[in-house]
Amino acid sequence: MAETIVERLFNQAKIRPNAPAYYEKQGGAYVSTSWQGYVDQVRAAGKALIALGVKPGGTVSILGYNRPEWVITNLAAMSVGAAAAGIYVTSSAPEVHYIVGHAASSVLLIETAEHWEKVKAGWGELPELAHVVVMRGGPAPDDPRVLSWEAFLAKGSEVPDSLLDERRHALEPGGLALLIYTSGTTGPPKGVMISHDNLAWTADAALGLIQCFPSDCVVSYLPLPHIAEQLFTLHLAITAGYQVYFAESLEKLPENLKEVQPTIFLGVPRTWEKMHAGISAKFAEAKGVKRAMLEFARRTAAAHSSYICRGETPPTSLRLRYKLATRLVLSKLKPAIGMGRARLCVVGAAPIGREVLEFFASLDIIIQEVYGQSEDTGPTSFNQPGKIRLGTVGTPFPGVEVRIAQDGEVIVRGRNVFLGYYKDPEATAETLQDGWLHSGDLGIFDGQGFLNITGRKKEILITAGGKNITPKNIEEGLKKHPLISEAIAIGDRRKYLTALIALDPEATKVFAKERGLDARDGADLHQAPEVVAAVQQAVDETNEQLARVETIKKFAILPRPLSMEKGELTPTLKVKRRVVNENFSQEIEAMYRE
């Protein structure tokens, strides 16, 4: 029998059958399901997939927010020798049809009436799609091909357990376990083929670093189609036996965090940036003694965190001050934001500003940055406990070789590297060369072996004067200003560089209130002279750190934040430059008029 995530799930039911595996909100309270109950649900769903004709090597697609049916179906597909393909809930109807059609899925799991509308409009163009299954509480379309969750599970009642076990025991380490469709910043999404060995090996290697235990817990809220969220919600949780709490929604995440107080928390940069903005706004209101205590606690925590990051023991005097700061401030502050028990905090999926990491370190919350991609099952490098350098993406993941190619590209080799792109041998041959994954990212190692990502190979701007410019450092410099949530450098084949600036709504509200601008129409705050001056200052300060050819000559403040709904951000909040350039073409051209 191969070492697989599915097999580990079944083993957890033998080791701790009655211990809680996951929690979901029911009637306003979190209700647990045991490991034995979890296995029984996966077994029932697996038998139902067999009854619906899902064969080994087949695929199932899943469209919905994080909830038990999502992970049960994913694991059930693995258990019968098939692979699940997650679809982001923000996907348009054409994007849903593309993934279901490209994966040739015979079964699709959906959650809401909106999802059903996206599916039914193009079902006729999906000949392989035989059944749509609806999660509990979802719509009940009058269509014989659509099954409720309960009706779906009932389909497997006549399938013997032995048939499911036969399929499960036949799984091969190198067999396809999972399809991760990339969020497509530069074109149609590609299906990343992840093997059973990729998943099992990566989970084992991660646990060798971060020491997870059955007593740990996470809140599942980031999109499950992303490999990082699957790693924490599924593969690590099942391997370590810790508990998963499903968030009710993104809107209720702050409330859920305060209720659960997770010991492990994964966030994309925007998650941490929003928390940073909200906490900073509260801090600005502190006066007198309260402000002095807060500043003392933050100075102390920052100093203490610097020792912990290096794996060193703080001096006695600092430990005493830290104990006092914890008792007076930190022990109250951290639970108030849901981080009261957090011992492992991680950020990934996109670059994050060092000032955000330093801010949280001053709250006694050390965020460990991870770098990787779907194509290597999540991690390439990681800021390991006791070996953390803020502002870098850490050192190579154990067992993974990471090199910098002659052109500056980060290349990776290891057991976490994917099988290739589904039905796309040309893209596979371009990305996988002699066993090395070519990441498309540019990077350098510092003298201590910490990796720094300097930009994207395909995002290099080539000016009209022939200068090659990586926009990442410019954009990160601008985003250090609290008012700026996104900055997009423009200048490919242009005479000089410009920038599109998107304001942070919460920070802008605070800024406006402090300057008496809050009575002004919020829709035109981006044009307020005070806001323009603040952004100009950020541009000037950034330009001082850049070579002359890299400096921003003009900027345009956008009237609204970038949006997933308008296609400008991926579900993991990466900027789609092509779409931004199209949507704001008038603003861009205005900056280049003589």
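What I am showing is a predicted model, in which local features need pLDDT of at least 70 and side-chain atom pairs count only at pLDDT 80 or more, while totals for chains, interfaces and linings use all residues. Residues are numbered from 1 along each chain as its sequence is written, and side-chain values use heavy atoms, with hydrogens and water left out.

Leu 558 touches Leu 500, Ile 501, Ala 502, His 526 and Phe 584, if we leave aside residues up to four places away in sequence. Between Leu 558 and Leu 500 there are 58 residues of sequence separation, yet their C-alpha atoms are 6.8 Å apart. Is Leu 558 buried or exposed? With a relative accessible area of 2%, Leu 558 is buried, where buried means under 20%, exposed over 50% and partly exposed in between, computed with a 1.4 Å probe on protein chains only. Leu 558 sits in the loop between strand 27 and helix 19 (577-583); helices (H or I, at least four residues) and strands (E, at least two) are DSSP runs, numbered from the N terminus.

That brings us to the sheet itself, which is open, has 3 strands in the order 25-26-27, and shows mixed pairing; two strands are said to pair if DSSP finds at least two bridges between them. Strand 25 (484-490) and strand 27 (552-557) are at the edges with a single partner strand each, so one side of each has no neighbour in the sheet. From one strand to the next, the twist averages 25 degrees.

Strand 25 and strand 26 (residues 497-503) are antiparallel and pair over 6 bridges. Along that pairing, Ile 484 has Leu 503 of strand 26 as its bridge partner, and Glu 486 is placed opposite Ala 502. The hairpin of these two strands has 6 residues between them, and there Arg 493 adopts a positive phi near 60 degrees.

How many residues of strand 26 are buried? The count is 7 of its 7 residues. In a regular strand the side chains alternate between the two faces of the sheet. Here Leu 497, Ala 499, Ile 501 and Leu 503 are buried on one side of strand 26, and Thr 498, Leu 500 and Ala 502 are buried on the other. Helix 16 (residues 471-479) lies across strand 25, strand 26 and strand 27, at about 150 degrees to strand 25; axes are lines fitted to C-alpha atoms, for helices over the stretch in contact, and angles run from 0 to 180 degrees between N-to-C directions.

Now to another sheet, also open, with 8 strands in the order 7-6-5-3-4-8-9-19 and mixed pairing. Its edges are strand 7 (146-148) and strand 19 (420-421), each with a single partner strand, so one side of each is left without a neighbour in the sheet. Within this sheet, strand 3 (residues 59-63) is largely enclosed by the rest of the structure, because 5 of its 5 residues are buried: Thr 59, Ser 61 and Leu 63 on one face, Val 60 and Ile 62 on the other. Strand 3 runs parallel to strand 4 (residues 83-87), joined by 5 bridges, with Thr 59 opposite Ala 83. Strand 8 (residues 176-181) and strand 9 (residues 191-195) are antiparallel, again with 5 bridges, and Leu 179 is opposite Met 193.

Finally, two places where helices pack. The axes of helix 2 (residues 35-51) and helix 3 (residues 68-79) come within 8 Å and cross at roughly 60 degrees. Helix 2 is therefore oblique to helix 3, given that angles under 35 degrees count as roughly parallel, over 145 as roughly antiparallel, 65 to 115 as roughly perpendicular and the rest as oblique. Tyr 38, Gln 41, Val 42, Ala 45, Gly 46 and Leu 49 of helix 2 make the contact with Val 71, Ile 72, Leu 75, Ala 76, Ala 77 and Ser 79 of helix 3.

In helix 14 (residues 354-361), the buried residues are Val 356, Leu 357, Phe 359, Phe 360 and Ala 361, and their cover includes helix 11 (269-284), helix 12 (288-310), strand 13 (344-347) and strand 14 (367-371).

How values were computed: Contact means heavy atoms within 4.5 Å.
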